[in-house]
Amino acid sequence: MNSSILFTPGKIGPLTLRNRTIRAAAFEGMCPGNAPSEMLYDYHRSVAAGGIGMTTLAYASVVQSGLSFNHQLWLRPEVIPGVKRITDAIHHEGAAASIQIGHCGNMSHRCICGCTPISASSGFNIYSPTIVRGMRKDEIPEMARSYGKAVHLAREAGMDAVEIHAGHGYLISQFLSPYTNHRKDEYGGSLENRMRFMRMVMDEVMKAAGNDMAVLVKMNMRDGFKGGMELDETLEVGRTLEKCGAHALILSGGFVSRAPMYVMRGAMPIYTMTYYMKQLWLRWGVRMAGGFMVPSVPFKEAYFLDDALKFRQEIKIPLVYVGGLVSREKIDEVLNDGFEFVSMARALLNEPGFVNRMREEEHARCSCGHSNYCIARMYSKEMACHKKIDHLPKKIISHIVITKSSITH
């Protein structure tokens, strides 16, 4: 593979990575009390030591109302020393450090975020479940400024880059999508209006980032269901983000509150998810209706590639491919298709040193079986690969075996 660029340096704005790999911003669930833990430190240090070009802490809420879990990072002054300790460890291992910042919008609950969850429009989120309040016009500029403040905090913590979460049905995505944005003012209706909040956020972020921090934006290529955004609109979103000054786009898709498996693919192990739930009513409710509400979507390698290639034709800035990368062969194929970087999460949870192994093995492939135990577990505990846990309940092991046997590779 002499033509491979995988282990060559690559630039994202002012930042140069040692190779073309990025640890994707997949929620770790390792922040009890909304603060970084020793487990978060150990995990990102291990990924950095494993050869990654840049590892991304995920997801950090810009304000308290943006929290969707009790074990999720809230980026505020008192946690900066703990985050900087992680950043320093990442740098010591030779990798760059990034942090994903965002606001979950309607995907929360009063008992978590301390208020009625907010969104582009009022409504009811059955997946929380909770009543949702549409943001007032006077609240929107201050929310945009919160993203800029978060970038300043990220710099204090020693981060080389920030990733703005504008996809997956989070707050910016809720403004962008006609599924969640029913506003009648200048923030709703036409795509130009629905992009207004995103542009405000990007203005604040780019000012705060200055000329020494890289800015990446994760966005949807499709929302993944009828009534959501499709390529005609998302391509325009991509072009707009390029004009806003973003240094790179991370091309993803799906709505966590409506089409979560469009994001991740593979099976959704309902039994594993409910096993760790403390509320009995929620546990049994999800077991009864979960298969209908969260249907599995077959896994295949590089499942977003066809759509991402359309963006490659339209967008000039660096593009980061994410979605279903588990082998050196497919990673080289994606890079040869014109993408500057590749991003992985489950592969690195399964094997933190996978990047180093790819350097040594031309046909390296990680052993992730896409049972999505890690995803099901993270909602109640920290994200973990079932292959790395010594003592799993027998009932969960049996469900993992059944789940894996039904996945299309």
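Guide: Cys113 is buried, at a relative accessible area of 3%; buried means under 20%, exposed over 50% and partly exposed in between, with a 1.4 Å probe and protein chains only. This is a predicted model, in which local features need pLDDT of at least 70 and side-chain atom pairs count only at pLDDT 80 or more, while totals for chains, interfaces and linings use all residues. Residues are numbered from 1 along each chain as its sequence is written, and side-chain values use heavy atoms, leaving out hydrogens and water.

For the sulfur of Cys113, the closest cysteine sulfur is that of Cys115, 3.9 Å away, which is too far for a bond. A disulfide is a pair of cysteine sulfur atoms within 2.5 Å, and a search of the whole structure finds 0 of them. Cys31 is buried too, with a relative accessible area of 2%.

Elsewhere, helix 8 (residues 231–243) and helix 12 (residues 305–314) have axes that come within 11 Å and cross at roughly 45°. Helices are DSSP runs of H or I with at least four residues, numbered from the N terminus, and strands are runs of E with at least two. Axes are lines fitted to C-alpha atoms, for helices over the stretch in contact, and angles run from 0 to 180 degrees between N-to-C directions. The two helices are therefore oblique to each other: angles under 35 degrees count as roughly parallel, over 145 as roughly antiparallel, 65 to 115 as roughly perpendicular and the rest as oblique.
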